[in-house]
Every structure is written in C-alpha cells, then in structure tokens.
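User: I am new to this structure and would like to go through it by question and answer. Please show it first.

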Amino acid sequence: MSLGPYTYVTLSLRPESTPHVGVSFHTPGLKVRAGLLLSSPRPYLEFASHEASVHISTTGAGPVTDADLNIAREIFNAAARYLADCEQLHAEQSATKDATDPAT
C-alpha cells in the first residue's frame, strides 16, 4: 500500500515533561533552503511544505559554537546518506520495472 503525499505533525504533552513536536515530510512539495540571516548574522536551514516548516539555526540564535559545527556536519553526513540511499533504491526500482515491463 502506498499513501499519497502528506506531512505529519504531532505534539506530545505529558505532565512534568518537556513537550515534544514531531514533523514528518512525505511529499514532493518539500522545499529545502539554507542561507545566512544578515541581520544577525547567523546561518539557517529550512525544510518546508504547505503544511509545516522546520527551521534550524545556531544555539540560542547566537554565534556559531563548536556544537553548532558538529550538528551541521551531522546534517551534511545524514543528507549525503539519504541521497545515496534514494539513488540506490531508485536504480533498483527502475531495474525491476524494466525487467517486468513487456517489450514494446
């Protein structure tokens, strides 16, 4: 079963616990952008659909820290892995489709 495109947002509130917000994007309408806010200045990364958006920036919206650099590297490495996995699966799916489609 395959669902159509969607964005899923959850909010969990428990007594005496920190609230938790989850955002799952499953849509080709996702926009990703990065830049530098010149008024601060500080870098930002944004993931956005029509239904929700996630903004990532430096700790406390302040100067870039060593921790911020480590997080940026983790994002970069995770994005590279995501790209590699998508490319591999796409190639496998294309090969399977080609093998099962009758020749015309």
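User: How does Val 23 count by relative accessibility?

Analyst: This is a predicted model, in which local features need pLDDT of at least 70, side-chain atom pairs count only at pLDDT 80 or more, and totals for chains, interfaces and linings use all residues. Residues are numbered from 1 along each chain as its sequence is written, and side-chain values use heavy atoms, without hydrogens and water. Buried means under 20% relative accessible area and exposed over 50%, with partly exposed in between (1.4 Å probe, protein chains only). Because its relative accessibility is 30%, Val 23 counts as partly exposed.

User: Which strand holds Val 23?

Analyst: Strands are DSSP runs of E with at least two residues, and helices are runs of H or I with at least four, numbered from the N terminus. The chain has one helix and five strands, in the order β-β-β-β-β-α along the sequence. Val 23 lies in strand β2.

User: What is the radius of gyration of the chain?

Analyst: The radius is taken over C-alpha atoms, and the globule rule is 2.2 Å times the number of residues to the power 0.38. The C-alpha atoms fill a box of roughly 60 × 35 × 25 Å along the principal axes. A compact globule of 104 residues would have a radius near 13 Å, whereas the chain has 19 Å.
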